[in-house]
Amino acid sequence: MPAKVDRHPMPKQDPRERIRNFNEVALGYPADVAVGEAMRCIGCPKSPCVAGCPVEVDIPSFVKLIAEGKFVEAARKIKEKNSLPAICGRVCPQETQCEERCTLGKKGKPVAIGALERFAADYERASGTQAASEPAPASGAAGRVAVVGSGPAGLTCAADLAKMGYSVVLFESLHSTGGVLRYGIPEFRLPKAIVDEEVAYVKSLGVEVRVNTLVGRTVTVDELFRDGFDAIFLGTGAGLPHFLGIPGENLNGVYSANEFLTRSNLMKAYRFPEYDTPVWVGKRVVVVGAGNVAMDAARTALRLGAEKVSIVYRRSRAEMPARLEEIENAEEEGVELMLLTNPIRVLGDERGWVRGMECVRMELGEPDESGRRRPVPVPGSEFVIDIDTMISAVGTDPNPLLVRSVPGLKLGRHGNVIVNEETGETSVPGVFAGGDIVTGSATVIAAMGAGKIAARGIDRYIRAKRERSE
Amino acid sequence: MHRIVKKEELAPRIKLFVVEAPQIAACARPGHFFVLRMHEQGERIPLTIADSDPAAGTITMVFQEVGKSTCELGTLEEGDSILDIVGPLGTPRDIKRLDTVVCVAGGVGVAPIYPEAKAFHELGTRVISLVGAQTKDMLIFKDRMEAVSDEVHYSTDDGSFGYHGFVTGILRDLLAGGLRPDEVVAIGPLPMMRATCKVTAEFGVKTIVSLNAIMVDGTGMCGSCRVTVDGKTMFSCVEGPAFDGHKVDFEELMARQTRFLAEEKLAMERYQVHSEGCKCRRK
């Protein structure tokens, strides 16, 4: 029985330093720390952590391999189930998944499973042994599948199908793969070189990637079937930004978080003018919303030179949907939280630029349908703050463009695709869906889990179809 | 990669490319646009599809060199390639046979109006085209517009060709003279489209404009191109670019078009120092 060791903290860049660069904030465990952390795992018999993982990673086995110093083997163990370990190790909310169920967490702190996953994946990549582990490209004999959207759901579905022997074409409307991993999550939280490497791994499985192809416009779902695809997976995400619906939102200096982050992340506007796409940020920035996207936008604004950045949120700290880690990171960097505050109007000057925002104080009333206490305005508490930039990070809806172009596709109230949760099947035979297009905006790992389920559903569907025709 | 198979200099600083884009050429319709990116550091530039040839697998684009990205684009030659092209984007025009339409084009706006005029013409609609430019040298697409129009009227700001004044002057004269087209289509700079809508509103003539709002992805994900139409916020990349001109808030859109002026100026200055400047300006 090893002596009781505390959970090893993740080394991070100093906040004063990191707000001046876009380099990754979390630095990752050195090998000795990873081994030390892995040795904390007591190897409990029921492995409750595995049930907490949407993609069923064999957590005890890979942790044990790290404890034994077999780092490359640990990475390959993860990849049996998860094709994107370096991404998941960085952006998964482990605290509500695997780590929440860790037996050690009952009395102390759980094993840092996410940090270990990241370590193993980074080690394998840095050691250059990734190529050696590449399986033979898919034979394609099992059938052909079109996967639409190269975000977490699509990448996972494509990789799993390729591993099963399917010939897979992955369609992406942007010029670059990764979906939200590319346009949404900033470099300082998920370096794009990592996304490139993990996509390269998926390609090495035999998946063909076609960027700049907007399915629904460049080519339709019907045309894909006519071209001989046996099944189609829709993983087009939730990229339609909400606005608040308050006066003044079209003033200059008001961005959706999607626009602000897409400019900075996908188009690399943080390196303007070396890159051609600009992004403008003023001195005094307000980000409305309190999810992970809001934290990303606030921290990006600081790095782009804003003097003061505030999060404006109508509920209290307890209801903030962002990961605790991200809220802490933002606060460490100097982001101010204006809680129980709701914007009611954006104020502009005669040239159409933002100059202020009128807000009202809120208090929490009775619980609403989400189970959270409903925020209600405090009468007469209106006040104005001087701002020159506002970023709206109040959520996104499923992308309507493709799904509305598929005749007979059953949609929910928010434009989300209705599926059989066990198989990913939609109302249209041969069309499957998963990720944010089904659930509305959720997490990377939930989308990956849905991609995995749909890959199995597609496999069963194609097999059954072939048996019938034989 | 999309190879440029033909390059034409239509007027000073206005260029035409025919590029290989077979998938887009196969399904392009009037009103569609596309987004291109020249190279890894490049912006995503939205441009209207000015013509397409499904058999040859090509699309035609026309652009005016106004900033760094368009100047740099203008340096490409036949045989060069454009890294990324995605499309067709936007909602195409629902073009039906009408009795008479008037196509009002300002400056480089004649290129995006051409496929619409052509589609109306092919359906047997009487097409009256009004084409305006700053000066005679800047009048482009003359032969093309004449081939698909029953009448073409020209105007130049300096009077060097046709009517002396803005193109809306001809429109006002025609409407005042009793012409009542089923529809006016106006494409050009925002002040010109706004002025056209003012004239047609007086005469109660339906007017469709095509908005060139600032975009990033062009697929409805960022909201950069939002515009107020009939009091509602619309994304011009998906719900447009064509809208009922009498319902568009032009003042707001004109303000929104200035969002990145300082950055555009900086990029242009830097480009002129770092390269030898664009060829168009050296001539």
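Which residues lie nearest the centre of the second largest cavity? They are A:Cys53, A:Cys92, A:Gln94, A:Cys98 and A:Glu117. This is a predicted model, in which local features need pLDDT of at least 70, side-chain atom pairs count only at pLDDT 80 or more, and totals for chains, interfaces and linings use all residues. Residues are numbered from 1 along each chain as its sequence is written, chains are lettered from A and ligands numbered from 1 in written order, and side-chain values use heavy atoms, without hydrogens and water.

**Cavities**
- The structure holds 5 cavities of 30 Å³ or more.
- A cavity is a set of points, on a 1 Å grid over the protein atoms alone, where a 1.4 Å probe fits but cannot get out; lining residues have an atom within 4 Å of a point.
- Points are joined across faces, edges and corners, and a volume is the space filled by probe spheres set on them.

**Largest cavity**
- Its space is about 150 Å³.
- Of its 16 lining residues, A:Cys41, A:Cys44, A:Cys49, A:Cys102 and A:Val111 are closest to the centre.
- α3 (48-51) and α4 (59-67) of chain A give two or more residues each; helices are DSSP runs of H or I, at least four residues, numbered from the N terminus.
- α4(A) provides the largest share, 3 residues.
- The lining has 12 nonpolar, 3 polar and 1 charged residues. Nonpolar means Ala, Val, Leu, Ile, Met, Phe, Trp, Tyr, Cys and Pro; charged means Asp, Glu, Lys and Arg; the others, Gly among them, are polar.

**Second largest cavity**
- This cavity has about 110 Å³ of space and 15 lining residues.
- The classes are 10 nonpolar, 4 polar and 1 charged.

Definitions and conventions:
1 Å grid on protein atoms, 1.4 Å probe; cavity = no way out; pocket = protein on both sides within 12 Å on 5 of 7 lines; lining within 4 Å.
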